[in-house]
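Please look over the charged side chains in the structure shown here, and consider how they pair with one another.

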Amino acid sequence: MNAPTGAAHLEALWTAGEVAAYLRVSRSWVYQHAEDGTLPSMKIVGLLRFDPDAVRRWARGELPSAKVLPLR
């Protein structure tokens with residue numbers, strides 16, 4: 001089976017632990033900055049999740065701050 005390419009291939013959302021590993025910070029740092037709106041995140045049925053592309057852009061300084069987006 002061929003792997004999907006282009007827009008059809010969507011990367012899975014990251015957990016706080018995966019963001020912490022990517023940024024090389026603690027999970028508590030990730031939670032703190034997600035909750036205060038400086039780290040881009042979203043809540044899905046009460047779970048905090050992160051768009052990998054948004055986190056990468058934020059880390060490069062392209063997104064100075066973000067809001068927590070509740071998704072139901």
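The questions and answers that follow concern the salt bridges of this predicted model.

Q: How many salt bridges does the structure hold?
A: The pairs counted here bring a side-chain nitrogen of Lys or Arg within 4 Å of a carboxyl oxygen of Asp or Glu. In this predicted model, the number of salt bridges is four.

Q: How many residues apart in sequence are the parts that Glu11 and Arg56 tie together?
A: The side chains of Glu11 and Arg56 meet in a salt bridge, with an N to O distance of 3.1 Å. Because Glu11 lies in the segment before α1 (16-23), while Arg56 belongs to helix α3 (residues 52-59), the parts that the pair ties together are apart in sequence by 45 residues.

Q: Is Arg60 buried or exposed?
A: The class rests on relative accessible area, for which buried means under 20% and exposed means over 50%. Arg60, whose closest N and O atoms in a salt bridge with Glu62 are 3.0 Å apart, has a relative accessible area of 52%. Arg60 is therefore classed as exposed.

Q: Which residues do salt bridges that share partners join into one network?
A: Glu62, which is partly exposed at a relative accessible area of 45%, forms a salt bridge with Arg60. Arg57, partly exposed at 30% relative accessibility, also forms a salt bridge with Glu62, and there the closest N and O atoms are 3.7 Å apart. Through these shared partners, the residues joined into one network are Arg57, Arg60 and Glu62.

Methods:
Residues are numbered from 1 along each chain as its sequence is written. This is a predicted model: local features need pLDDT of at least 70, side-chain atom pairs count only at pLDDT 80 or more; totals for chains, interfaces and linings use all residues. Side-chain values use heavy atoms; hydrogens and water are left out. Helices (H or I, at least four residues) and strands (E, at least two) are DSSP runs, numbered from the N terminus. Buried means under 20% relative accessible area, exposed over 50%, partly exposed in between (1.4 Å probe, protein chains only).
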